[in-house]
Amino acid sequence: MKNFNIEEEVEKTLGSLDGVKRVEANPYLYGRISSRMQTYPAAKKHVLGFVIVAILILLINIVTLISYNKDKPVITRDQKVKAFIYDYNLESDYNINY
Amino acid sequence: MNDSEIIEKLRSGDEQSYKLLVEDFGNIVFNTVLGLIQNHQDAEDITQDVFIEVFKSVNKFRGDSSLSTWIYRIAINKSLETIRKNKRKKRFAFLHSFSDYKKEAEGVTDFVHPGVLLENKERASVLFKAISKLPENQKITYNLSKVDGLSNKEIAEIMKMSLQSVESLLHRAKANLKKSLANYYTEKL
């Protein structure tokens with residue numbers, strides 16, 4: 001008996017969408033779309049502006065990095081060793097082979 | 001005006017044609033989205049999104065389907081985007097707080113479709129809850145069939161499937177709904 005009732009309830013519920021009517025959309029739908037569309041081209045330009053600025057900053061950084069490395073004086077190994085010896089007062093008569 | 005004439009006018013930016021399009025398809029789109037999303041406010045927002053997408057994508061429309069089929073597809077895709085986004089929110093809701101998580105985890109609130117007959121509203125609310133738990137393709141085909149009243153052939157065209165696939169999806173959807181409803185009524189009685 002209980003099973004029969006459940007089946008009946010299930011079937012009735014499955015049939016509850018019979019005769020469902022189409023609902024009207026908001027009467028101001030076009031107006032709302034229209035006002036959102038007004039800001040759409042501006043929003044697109046806005047994003048494009050950000051992209052251009054980001055690319056410019058990246059380019060500036062790359063150019064700066066390249067010119068920094070170009071102008072940087074090249075310090076030889078000899079110069080580094082001499083500087084180390086001088087800094088730590090290691091000068092002596094010995095001729096160190098390195 | 002036939003579909004290609006409407007498309008040409010839309011591409012040329014003719015506002016009057018766009019307005020007519022919204023008038024012709026506004027209710028159709030809203031009802032499709034409402035059945036899937038089960039929330040009136042969200043359905044309104046998504047309906048607007050659909051027509052904005054139609055405007056943005058009109059140059060990409062190749063004419064390999066009818067205009068109405070194309071619009072239905074956009075409506076379904078936009079609805080699915082929202083459903084998936086809401087599911088992700090629910091999955092990470094526990095990160096906010098335990099009390100918020102409980103509210104989120106309780107899931108969809110009782111949806112009352114405004115177009116359902118008065119005597120069926122309570123049952124329809126139970127049915128919509130069960131529909132919301134169906135796998136995506138079953139949910140879409142069931143809604144297009146029962147809520148939108150489309151034929152299986154029309155559904156097959158919209159979903160780019162064979163007729164047999166649509167029939168199979170509807171059959172499985174109904175079987176799953178029966179199981180879900182049987183569990184619901186077993187617990188209730």
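**Figure 1. Overall fold of chain B in the predicted model.** Of the 189 residues of chain B, 30% count as buried. The model is predicted. Chain B contains nine helices and zero strands, giving the pattern α-α-α-α-α-α-α-α-α along the sequence. Along the principal axes, the C-alpha atoms of chain B fill a box of roughly 60 × 40 × 30 Å. When contacts in chain B between residues at least 6 apart in sequence are considered, 56% join residues at least 24 apart.

**Figure 2. The two domains of chain B and their contact.** The domain assignment divides chain B into domain 1 (1-107) and domain 2 (111-189). Taken over C-alpha atoms, the centres of domain 1 and domain 2 of chain B are separated by 19 Å. Each of these domains of chain B gives 11 residues to the contact. On the side of domain 1 of chain B that touches domain 2 of chain B, α2 and α4 of chain B each supply at least two residues. The largest share of that side, five residues, belongs to α4(B).

**Figure 3. The largest nonpolar core.** This core has 47 residues, and those with the most contacts inside it are Val22(B), Val29(B), Val33(B), Ile71(B) and Ala75(B). At least two core residues come from each of α2 (29-71) of chain A and, in chain B, α2 (15-37), α3 (40-57), α4 (67-91), α6 (121-132), α7 (136-146), α8 (152-159) and α9 (163-188). With 10 residues, α2(B) provides the largest share of this core. Domain 1 (1-107) and domain 2 (111-189) of chain B each contribute at least three residues to the core. In soluble globular proteins, nonpolar side chains tend to be buried together.

**Figure 4. Surroundings of Ala75(B).** Ala75(B) is among the residues with the most contacts inside the largest nonpolar core. Leaving aside residues up to four places away in sequence, Ala75(B) touches Val29(B), Thr32(B), Val33(B) and Val50(B). Of these partners, Val29(B) and Val33(B) are also listed with the most contacts inside the core.

**Figure 5. The contact between chain A and chain B.** Chain B gives 32 residues to this contact, and chain A gives 25 residues. On the side of chain B that touches chain A, the elements giving two or more residues are α2, α3, α6 and α9 of chain B. Seven residues, the largest share of that side, come from α2(B). The residues of the side of chain B that touches chain A are 18 nonpolar, nine polar and five charged.

Note on methods
Residues are numbered from 1 along each chain as its sequence is written. Chains are lettered from A and ligands numbered from 1 in the order in which they are written. This is a predicted model: local features need pLDDT of at least 70, side-chain atom pairs count only at pLDDT 80 or more; totals for chains, interfaces and linings use all residues. A nonpolar core is a set of buried Ala, Val, Leu, Ile, Met, Phe, Trp, Tyr and Cys residues joined through C-beta atoms within 7 Å. A residue is buried if 20 or more other C-beta atoms lie within 10 Å of its own, exposed if 12 or fewer, and partly exposed in between; C-beta atoms are placed from the backbone. Helices (H or I, at least four residues) and strands (E, at least two) are DSSP runs, numbered from the N terminus. Domain bounds come from an automatic or database domain assignment. Two residues are in contact if their C-beta atoms, placed from the backbone, lie within 7 Å. Ala, Val, Leu, Ile, Met, Phe, Trp, Tyr, Cys and Pro count as nonpolar, Asp, Glu, Lys and Arg as charged, and the others, Gly among them, as polar.
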